[in-house]
Amino acid sequence: MKLLRFGAPGQEKPGVLDANNRVRDLSGVVPDISGDALLPESLQRLQGLDITSLPVVEGTPQEDLRVGPCVGNIGKFICIGLNYADHAAESGLDVPPEPVVFNKWTSAIIGPDDEVRIPRGSEKTDWEVELGVVIGKGGAYIEEADALSHVAGFCVINDVSEREFQIERSGTWDKGKGCDTFGPIGPWLVTPDEVGDFDNLAMWLEVDGKRYQNGSTSTMVYRVPFLISYLSRFMSLQPGDVISTGTPPGVGMGQKPPVYLKGGEVMTLGIEKLGSQTQKVGRA
């Protein structure tokens with residue numbers, strides 16, 4: 001099942017993609033793709049619906065019908081750094097002995113095809129295609145063996161990053177990661193039954209048609225069940241929390257010489273079975 005949110009920014013409605021790639025309106029069933037609607041029993045109820053009986057939404061998603069972030073009212077946007085060995089190497093850093101954890105502020109969240117804006121004073125805005133994990137059932141001190149029962153679904157995330165803000169200034173990574181528009185999420189929240197083997201999904205990113213990232217979730221160092229268990233030691237995870245799990249090599253910082261976004265480019269990125277995103281790059 002592919003769940004989504006459609007409509008103008010701040011006015012999105014819940015929807016589901018049918019077998020013909022048309023959006024069906026879920027407004028009469030759930031108020032949003034968020035919170036309790038992501039609990040296992042709620043998703044089971046949605047999967048039992050006759051989708052063809054739901055109203056068809058006019059327009060083609062990601063063309064003349066805007067698709068918003070696939071999860072609404074996100075409480076926590078948690079990110080994992082240096083979680084692909086080859087990306088750590090291109091960054092000149094060792095694979096960390098424990099996951100690197102940082103946050104994106106929820107004000108960074110935008111739809112998958114909304115404009116990404118380079119912040120004022122930025123000279124080193126970069127890209128990162130990442131597998132997103134959406135929490136369904138909350139909990140703390142989750143056992144790794146039970147972690148997948150807490151997953152509502154998976155999605156595509158572009159972990160847009162300002163490298164000077166992140167690395168060259170004092171303090172934590174967060175100020176280079178959470179700028180406005182630095183968190184495109186979607187287009188769909190794809191339920192685990194439809195994703196299948198999430199440990200072996202092809203992922204890619206292009207800028208103006210040039211492919212920079214061409215990787216796979218198979219090279220992830222710390223895998224999804226471990227990450228859920230690990231994070232739940234330090235914070236309770238709640239329905240609708242999003243975890244961005246790291247990026248494969250090919251980021252701008254790792255090019256020789258480095259390549260950064262200047263404004264005017266178009267980023268396209270995607271993950272097998274999870275859809276794709278397209279963002280024009282502007283300036284704040």
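Why is helix α6 (residues 224–231) largely enclosed by the rest of the structure? The legends below take up that helix and then visit other corners of this predicted model.

**View 1. Helix α6 and its surroundings.** Helix α6 is largely enclosed because 7 of its 8 residues are buried. Those buried residues are V224, P225, L227, I228, S229, Y230 and L231. Have a look at what they pack against: the strands β4 (77–81), β5 (100–103), β9 (129–135), β10 (151–158) and β16 (242–244).

**View 2. The whole chain, for orientation.** The protein chain has 6 helices and 18 strands. Its C-alpha atoms fill a box of roughly 55 × 45 × 30 Å along the principal axes. A compact globule of 284 residues would have a radius of gyration near 19 Å, and the chain, with 18 Å, agrees with that. Of the 284 residues, 56% are buried. Among contacts between residues at least 6 apart in sequence, 74% join residues at least 24 apart. The accessible surface comes to about 11,700 Å², and carbon and sulfur atoms hold 49% of that area.

View 3. The largest cavity has a volume of about 90 Å³. It is lined by 16 residues, of which L82, H87, R163, Q166 and W173 are the closest to its centre. Helix α3 gives the most to this lining, with 3 residues, and β4 and α3 each supply at least two. By class, the cavity lining divides into 7 nonpolar, 4 polar and 5 charged residues.

**View 4. F165 in helix α3.** F165 sits in helix α3, which covers residues 163–168. With a relative accessibility of 9%, F165 falls under the 20% cut-off and so counts as buried. Leaving aside residues up to four places away in sequence, F165 touches P119, R120, G121 and S122, and also K175, G176 and C179. For a sense of scale, F102 is 63 residues away from F165 along the chain, and their C-alpha atoms are separated by 14 Å.

**View 5. The largest pocket.** The largest pocket has a volume of about 160 Å³. Its lining counts 15 residues, and the closest to the pocket centre are R5, P69, V71, N73 and I109. The pocket lining is made up of 6 nonpolar, 5 polar and 4 charged residues.

**View 6. Two cis peptide bonds.** The peptide bond from G186 to P187 is cis, with omega near 20°. P187 lies in the loop between β12 (183–184) and β13 (189–190). A cis peptide bond also joins K256 and P257, here with omega about 0°. You will find P257 in the loop between β16 and β17 (266–271).

View 7. N21 is not a glycine, yet its phi is positive, at about 60°. N21 belongs to the loop between β2 (13–17) and β3 (23–25). Its relative accessibility is 51%, so N21 counts as exposed. T181, also a residue other than glycine, has a positive phi near 75°. T181 lies in the loop between α4 (174–177) and β12. At 3% relative accessibility, T181 counts as buried.

Conventions. Residues are numbered from 1 along each chain as its sequence is written. This is a predicted model: local features need pLDDT of at least 70, side-chain atom pairs count only at pLDDT 80 or more; totals for chains, interfaces and linings use all residues. Side-chain values use heavy atoms; hydrogens and water are left out. Helices (H or I, at least four residues) and strands (E, at least two) are DSSP runs, numbered from the N terminus. Buried means under 20% relative accessible area, exposed over 50%, partly exposed in between (1.4 Å probe, protein chains only). Contact means heavy atoms within 4.5 Å. On a 1 Å grid over the protein atoms alone, a cavity is a set of points where a 1.4 Å probe fits but cannot get out, and a pocket is an open set with protein on both sides within 12 Å along at least five of seven lines; lining residues have an atom within 4 Å of a point. Grid points are joined across faces, edges and corners, and a volume is the space filled by probe spheres set on the points. Ala, Val, Leu, Ile, Met, Phe, Trp, Tyr, Cys and Pro count as nonpolar, Asp, Glu, Lys and Arg as charged, and the others, Gly among them, as polar. The radius of gyration is taken over C-alpha atoms; the globule rule is 2.2 Å times the number of residues to the power 0.38. Accessible areas come from the Shrake-Rupley method with a 1.4 Å probe; for residues, only the protein chains shown count as cover.
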